[in-house]
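Please look through the sequence and the structure shown here before reading the report that follows. The report takes up the strands, the helices and the side chains in turn.

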Amino acid sequence: MKDEEFFLQKLQHHDIKPTANRLMIFRAMWRGDEAVSLMQLEHILHTIDKSTISRALNLFLLHGLIHAIDDGSGSVKYAVDGDLERDDDEEHTHFACVKCGRTFCMKQVHVPEVPLPPGFQLQSVNYVLKGLCPECAEK
């Protein structure tokens with residue numbers, strides 16, 4: 001696990017004032033390549049109210065510290081890049097497990113370029129693969 005200084009520096013690098021609640025939320029989100037929902041964060045951080053967590057998530061999104069994922073589950077999930085030592089804005093694939101409901105960032109699998117017909121303008125990409133994660137596939 002990373003030490004407190006790591007989390008402080010990451011927040012400051014993204015121009016986010018490192019309050020105690022923001023540090024706790026950011027630490028709780030640190031799950032490698034796994035994404036987390038607002039509801040999961042509420043459960044993990046039961047001492048912090050939903051509105052505080054929501055405001056922190058919006059701030060983190062605005063400053064590019066995390067990204068949001070619509071995995072089709074009906075609940076937006078949020079992920080911190082697995083490699084925070086570098087800032088990488090390249091679009092990547094997400095994997096949603098249909099059995100356990102977990103969603104993962106697959107930074108090594110880039111979103112393929114899709115040629116659009118004339119007149120279409122791409123604004124965003126949501127590339128989600130669905131199947132079984134390694135843990136569920138073993139069962």
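## A hairpin of two strands

In this predicted model, strand 4 (residues 92-97) and strand 5 (residues 103-110) pair in the antiparallel sense, and 5 bridges join them. The two strands form a hairpin with 5 residues between them, and in the turn Gly101 has a positive phi of about 85 degrees.

Strands of a sheet pair through backbone hydrogen bonds, either parallel or antiparallel.

When its neighbours within four places in sequence are left aside, Thr93 is in contact with Phe104, Cys105, Met106, Val109, His110, Val111, Tyr127 and Leu129.

## The other sheet and the helices packed on it

Another open sheet of 3 strands has the order 1-3-2, and its pairing is antiparallel. Its edge strands are strand 1 and strand 2 (66-69), each of which pairs on one side only. Strand 2 pairs with strand 3 (residues 77-80) in the antiparallel sense over 4 bridges, and Tyr78 in strand 3 is the bridge partner of Ala68.

Helix 2 packs on this sheet, where it touches strand 1, strand 2 and strand 3, and the direction of helix 2 makes about 90 degrees with that of strand 3. Helix 4 (residues 50-62) also packs on the sheet, touching strand 2 and strand 3, and the direction of helix 4 makes about 110 degrees with that of strand 2.

Which residues of helix 2 are buried? They are Leu23, Ile25, Phe26, Ala28 and Met29, and what covers them includes helix 1, strand 1, helix 3 (38-44), helix 4, strand 2 and strand 3. In soluble globular proteins, nonpolar side chains tend to be buried together.

The largest nonpolar core has 23 residues, of which Ile25, Met29, Leu41, Ile53, Leu57, Phe60 and Ile66 touch the most other members. At least two residues of this core come from each of helix 1, helix 2, helix 3, helix 4 and strand 3, and helix 2 gives the most, with 5 residues. For Phe60, leaving aside its neighbours within four places in sequence, the residues in contact are Leu11, Ile16, Arg22, Ile25, Phe26, Met29, Leu65 and Ile66.

## Aromatic rings

A pair of aromatic rings is described by the distance of the centres and the angle of the planes. The structure holds 5 aromatic pairs. In one of them, the rings of Phe6 and Phe7 have their centres 5.3 Å apart and their planes at 85 degrees, so this pair is edge-to-face. Both Phe6 and Phe7 are buried.

Phe7 also forms an edge-to-face aromatic pair with Trp30, with 6.1 Å from centre to centre and 85 degrees between the planes. Why does this pair tie together parts that are 23 residues apart in sequence? Phe7 lies in helix 1 (residues 4-13), whereas Trp30 lies in the loop between helix 2 (20-29) and strand 1 (36-37), so the pair links parts with that separation in sequence. Phe7 has a relative accessible area of 0% and is buried, and Trp30, at 17% relative accessibility, counts as buried as well. One aromatic cluster is formed by Phe6, Phe7, Phe26, Trp30 and Phe60.

## An exposed residue with positive phi

Asp15 is placed in the loop between helix 1 and helix 2. Although Asp15 is not a glycine, it has a positive phi of about 55 degrees. Asp15 has a relative accessibility of 63%, so it counts as exposed, for which the cut-off is over 50%.

Conventions
Residues are numbered from 1 along each chain as its sequence is written. This is a predicted model: local features need pLDDT of at least 70, side-chain atom pairs count only at pLDDT 80 or more; totals for chains, interfaces and linings use all residues. Side-chain values use heavy atoms; hydrogens and water are left out. Rings of Phe, Tyr and Trp (its six-membered ring) pair if their centres lie within 6.5 Å; planes under 30 degrees apart count as stacked, over 60 as edge-to-face and the rest as tilted. Buried means under 20% relative accessible area, exposed over 50%, partly exposed in between (1.4 Å probe, protein chains only). Two strands pair if DSSP finds at least two bridges between them. Contact means heavy atoms within 4.5 Å. Axes are lines fitted to C-alpha atoms, for helices over the stretch in contact, and angles run from 0 to 180 degrees between N-to-C directions. A nonpolar core is a set of buried Ala, Val, Leu, Ile, Met, Phe, Trp, Tyr and Cys residues joined through side-chain atoms within 4.5 Å.
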